[in-house]
Amino acid sequence: MSFRHIAKMTVLEAADIPSVSLLYKLHKLSAAPADTKLVKTLLGPTEIPPPSKSLNDRVAVYRADITSLAVDAIVNAANRSLLGGGGVDGAIHRAAGRGLYEECKKLNGCKTGSAKITDAYDLPCNRVIHAVGPVYDPADHDTSEKLLVGCYTTSLELAVEHECRTIAFSALSTGIYGYPSREAAPAALSAIRKFLTGKDGDKIDKVILVTFEKKDVDAYTEFVPHYFPPVSEGSTSDAVAQELPSVPTSDLVDPEEADKR
Ligand code: AR6
């Protein structure tokens with residue numbers, strides 16, 4: 001376990017974040033009932049896919065402030081201007097410092113459903129991918145999902161293009177943009193599964209789904225087993241369990257942002 005400390009904040013590296021495989025062993029995740037019907041998503045699958053240890057070792061769900069992660073790339077929930085805002089965008093710009101804003105000014109914004117990459121300045125990660133999720137439209141769910149999936153897929157493509165092997169996603173669009181977490185999680189998981197099983201999937205070592213609020217913790221706990229079902233194997237040693245960082249148990253909501261909702 002290696003922790004670094006930047007300005008009093010504990011920085012966590014990708015290898016320290018428990019994978020889905022480990023979460024099953026620790027009973028933090030459990031298999032969905034065999035007769036579970038998958039939520040219909042644009043990318044599928046339509047039923048629970050076969051278990052894969054390789055995939056489960058490379059996907060993680062972790063509750064944290066994304067600005068504390070020393071991964072190759074973190075994914076920001078930005079807006080089309082790319083010039084900062086509230087929520088996780090505000091937290092990332094505050095922690096990265098002025099240099100990030102100056103670089104973002106040169107990017108000419110970004111289309112909804114897509115993403116652009118920058119340096120990370122004072123953040124402990126190497127790169128920031130700025131994805132522009134949709135404002136959720138309950139009257140046109142399919143368009144919202146297409147745009148959300150576009151953010152996840154483009155971010156993973158950018159990560160590969162820039163040799164980022166570990167990538168941490170914030171729960172795009174599920175805050176100020178109003179995408180319900182129980183609908184966003186299946187869309188995100190289907191896009192990540194599709195990418196990891198595709199031609200460039202082996203160029204990514206770890207995808208971390210960063211949760212912040214309980215609603216997203218609950219959504220991923222429910223839906224990860226639909227897309228990354230457990231592989232049956234032996235029990236965990238206590239030694240491994242003791243190596244894990246403790247998972248925050250209280251809500252990590254920024255009080256300023258909570259007040260705005
Ligand atoms: N670390 C990880 N996740 C966080 C953090 C954090 N420090 N802070 C919030 N979240 P939101 P959106 C979670 O509202 O819905 C901005 O103004 C939060 O709990 O940040 O895509 C932009 O500039 C939620 O699950 O992004 C845009 O205008 C998730 O991050 C607009 O908000 C996304 O919530 C984008 O809205």
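**Sheet order and helix packing**

Reader: How many bridges join β3 to strand β9?
Author: In this predicted model, helices (H or I, at least four residues) and strands (E, at least two) are DSSP runs numbered from the N terminus, and two strands pair if DSSP finds at least two bridges between them. β9 spans residues 206–211 and runs parallel to β3, with V59 opposite V207 in β9. The bridges that join β3 to β9 number five.

Reader: Which strands stand at the edges of the sheet?
Author: The open sheet of six strands has mixed pairing and the order β3-β9-β8-β5-β7-β6. Each edge strand has a single partner, so one side of it is left without a neighbour in the sheet. The edge strands are β3 (59–63) and β6 (115–119).

Reader: At what angle do α3 and α4 pack?
Author: Axes are lines fitted to C-alpha atoms, for helices over the stretch in contact, with angles from 0 to 180 degrees between N-to-C directions. The axes of α3 and α4 are 6 Å apart. The two helices are therefore roughly perpendicular (65 to 115 degrees). Their packing angle is about 115°.

Reader: What pLDDT do local features need?
Author: Residues are numbered from 1 along each chain as its sequence is written, and side-chain values use heavy atoms, without hydrogens and water. Totals for chains, interfaces and linings use all residues, side-chain atom pairs count only at pLDDT 80 or more, and local features need pLDDT of at least 70.

How values were computed:
Parallel < 35°, antiparallel > 145°, perpendicular 65-115°, else oblique.
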